[in-house]
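Please look over the sequence and the model, then read the points below by topic.

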Amino acid sequence: MRTGDVLRWRRRILIGSGCAALAPLRAFGASAARSDRLTGLLAERRTIWLVRGGEETRATYWSAERGYDRDQYLQLCWALRDIQADRVFAMDHRLLDVLAGLQVWLAQGGIKAPLQVHSGYRTRTTNQQLEGAALNSRHLLGQAADITVAGVGNVKLAGMASVLGRGGTGFYPGRNFVHVDTGDERIWISPPKAG
Ligand SMILES: [Zn+2]
């Protein structure tokens with residue numbers, strides 16, 4: 001995707017969503033500023049509330065008073081495991097930070113809902129069986145998650161993730177989730193094989 005396409009897509013998010021929560025996109029153009037925003041959202045505690053199928057997990061993996069909590073972190077790794085292969089992986093803390101920051105930001109806007117996880121860590125075997133998945137997907141490294149949030153459009157969710165992002169944000173119009181990862185900073189719309 002060329003830079004022009006990215007800019008056009010960002011503009012379309014701003015125009016199409018009509019969402020107040022996206023207003024900071026205009027103010028946070030630089031990576032450093034985006035990183036500062038995420039740091040501010042995560043200043044006191046880092047909690048992720050997620051659901052995946054019939055499982056619900058709410059874990060505070062870091063707090064200003066106590067620092068990192070290994071047990072809580074491992075609960076999140078379990079929730080984001082490769083279910084098909086029955087394998088758990090050490091998830092990238094930076095990915096968890098983006099997910100936690102997204103939830104704080106949504107809560108500030110009055111949306112208190114769990115992240116619906118569609119995919120987290122994937123073994124190479126599981127990844128190869130997924131139609132359209134990239135061979136070198138960040139899911140293989142515990143650096144990506146595919147998510148949705150009930151009541152939040154995927155365009156808005158992808159826009160917010162890109163503002164907080166420490167990596168890539170992918171949005172797939174034909175598939176019902178947003179891909180967030182901690183790879184190179186980039187944003188794309190389709191193609192499916194990017195996920
Ligand atoms: Zn993905």
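**The zinc site**

The donor residues of the zinc ion follow the spacing H-x6-D-x32-H in sequence. The model is a predicted one. Its chain has 195 residues, of which 51% are buried, and its secondary structure consists of 7 helices and 8 strands.

- The protein donors of the zinc ion are His139 through NE2, Asp146 through OD and His179 through ND1.
- These donors lie 2.0 to 2.1 Å from the zinc ion.
- Histidine 139 and aspartate 146 are both buried.

**The chain as a whole**

- Among the contacts between residues at least 6 apart in sequence, 56% link residues at least 24 apart.

**The sheet**

- The 8 strands make an open sheet with mixed pairing, and their order is S3-S2-S1-S4-S5-S7-S6-S8.
- S3 and S8 are the edge strands, each pairing on one side only.
- Strand S1, residues 45–52, pairs with strand S2, residues 55–63, in the antiparallel sense over 8 bridges.
- Within this pairing, threonine 47 has threonine 60 in S2 as its bridge partner.
- The hairpin of S1 and S2 has 2 residues between the strands, and glycine 53 in this hairpin takes a positive phi near 60 degrees.
- S2 also pairs with strand S3, residues 67–68, in the antiparallel sense, this time over 2 bridges.
- Serine 63 has glycine 67 in S3 as its bridge partner.
- The hairpin that joins S2 to S3 passes through 3 residues.
- Valine 51 has glutamine 116 in S4 as its bridge partner.

**Helices on the sheet**

- Helix H5 lies across S1, S2, S3, S4, strand S5 (144–149) and strand S7 (178–181).
- The direction of H5 is at about 90 degrees to S1.
- Helix H7, residues 154–164, packs on the sheet and touches S5, strand S6 (168–171), S7 and S8.
- The direction of H7 makes about 170 degrees with that of S6.

**Helix H5 in detail**

- H5 has 16 residues and spans 22 Å from its first C-alpha to its last, close to the 22 Å expected at 1.5 Å a residue.
- Its buried residues are Leu95, Leu96, Asp97, Val98, Leu99, Ala100, Gly101, Leu102, Gln103, Trp105 and Leu106.
- Glycine 110 follows H5 and has a positive phi, near 90 degrees.

**Glutamine 103**

- Glutamine 103 is in H5, which covers residues 93–108.
- Glutamine 103 counts as buried because its relative accessibility is 10%, under the 20% limit for that class.
- The side chain of glutamine 103 reaches the backbone oxygen of alanine 113 at 3.2 Å.
- Leaving aside neighbours within four places in sequence, glutamine 103 is in contact with Thr47, Ile48, Trp49, Ala113, Pro114 and Leu115.
- One of these contacts, Thr47, is the residue whose bridge partner in S2 is threonine 60.

- Arginine 186 counts as partly exposed because its relative accessibility is 32%, and partly exposed lies between the 20% limit for buried and the 50% limit for exposed.
- Isoleucine 189 has a relative accessibility of 23%, so isoleucine 189 also counts as partly exposed.
- Not counting residues up to four places away in sequence, arginine 186 touches Gly167, Gly168, Thr169 and Asp181.
- The C-alpha atoms of arginine 186 and glycine 165 are separated by 9.0 Å, with the two residues 21 apart along the chain.
- The C-alpha atoms of isoleucine 189 and glycine 170 are separated by 5.9 Å, with the two residues 19 apart along the chain.

Definitions and conventions
Residues are numbered from 1 along each chain as its sequence is written. This is a predicted model: local features need pLDDT of at least 70, side-chain atom pairs count only at pLDDT 80 or more; totals for chains, interfaces and linings use all residues. Side-chain values use heavy atoms; hydrogens and water are left out. Helices (H or I, at least four residues) and strands (E, at least two) are DSSP runs, numbered from the N terminus. Buried means under 20% relative accessible area, exposed over 50%, partly exposed in between (1.4 Å probe, protein chains only). A polar contact is a pair of N or O atoms within 3.5 Å; within protein, one must be able to donate a hydrogen and the other to accept it, and residues adjacent in sequence count only if both atoms are side-chain atoms. Contact means heavy atoms within 4.5 Å. Donors are N, O and S atoms within 2.8 Å of the metal (3.2 Å for Na, K and Ca); water is not among the atoms, so sites may look incomplete. The expected span of a helix is 1.5 Å times one less than its number of residues. Two strands pair if DSSP finds at least two bridges between them. Axes are lines fitted to C-alpha atoms, for helices over the stretch in contact, and angles run from 0 to 180 degrees between N-to-C directions.
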